[in-house]
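Open the model in your viewer and keep the sequence panel beside it. This tour tells you what to select next.

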Amino acid sequence: MRSDAEPTAVPDEGLLKYLVYTSTPTREMSPEDFESILLTARERNRRAGITGILLFRDNCFIQFLEGPPAEIDALLDDIVADERHQHLRVILTETTVDRSFPDWRMGFGTPGAHEPAGLPGERDSFRDLATGEDGRTVRRAADDVSTWFKAKEHSAAS
């Protein structure tokens, strides 16, 4: 897991847009592809006041974005036009005044595959985000993944 864990001075002025989308790559992604995406995203996001994380597992991107609504909309337009993505689906969009990722211009993680233990109530939050159709499941999974990412980064920094 790589990140840009340096604190950012991101002003929170007014309502922010919180958006989560999934997409699949149009080709096999190399480490260089991820590096290119992150370098570009971190610089643009710094200028635009956008924070968030990008996750990749099972040939699926899940990205959490938060920032000024017009900036999030412009970024999403660019992502839709990016030839590395296909089947983009916005799965959650909300307004908020608080950031979930205030210190992340663009965190990055590759969660490991989930090995079901067959326990009652067992969930795979990444899969729930990638395939979930109902809003309650997606919202819960987004919270779970957000908490997981923050805990992993906190643990790695310690």
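Show the whole chain and its contacts (heavy atoms within 4.5 Å). Among contacts with a separation of 6 or more, 80% are between residues 24 or more positions apart.

A word on what you are viewing. This is a predicted model, in which local features need pLDDT of at least 70, side-chain atom pairs count only at pLDDT 80 or more, and totals for chains, interfaces and linings use all residues. Residues are numbered from 1 along each chain as its sequence is written, and side-chain values use heavy atoms, with hydrogens and water left out.

**Stop one: the whole chain**

Switch to cartoon view. The chain has four helices and five strands. These are DSSP runs numbered from the N terminus: H or I of at least four residues for helices, E of at least two for strands. Trace them along the sequence and the pattern is β-α-β-β-α-β-β-α-α.

Of the 158 residues, 44% are buried. Buried means under 20% relative accessible area, exposed over 50%, and partly exposed in between (1.4 Å probe, protein chains only).

**Stop two: the largest pocket**

Select Ala41, Leu75, Ile79, Asp82 and Arg84. Of the 17 residues lining the largest pocket, these are the closest to its centre. The pocket's volume is about 260 Å³. A pocket here is an open set of points on a 1 Å grid over the protein atoms alone, where a 1.4 Å probe fits, with protein on both sides within 12 Å along at least five of seven lines; lining residues have an atom within 4 Å of a point. The volume is the space filled by probe spheres set on the points, which are joined across faces, edges and corners.

Next, colour α1 (31-48), β3 (60-67) and α2 (69-81). Each supplies at least two lining residues. The largest share, six residues, comes from α1. By class, the lining has eight nonpolar, five polar and four charged residues.

**Stop three: two positive phi values**

Select Asp58, in the loop between β2 (51-57) and β3. Its phi is near 50°, positive in a residue other than glycine. Is Asp58 buried or exposed? Asp58 is exposed, at 55% relative accessible area.

Finish at His87, in strand β4 (residues 85-96). Here phi is near 55°, again a positive value in a residue other than glycine. His87 counts as exposed, with 62% relative accessibility.

Technical notes:
Nonpolar A, V, L, I, M, F, W, Y, C, P; charged D, E, K, R; others polar.
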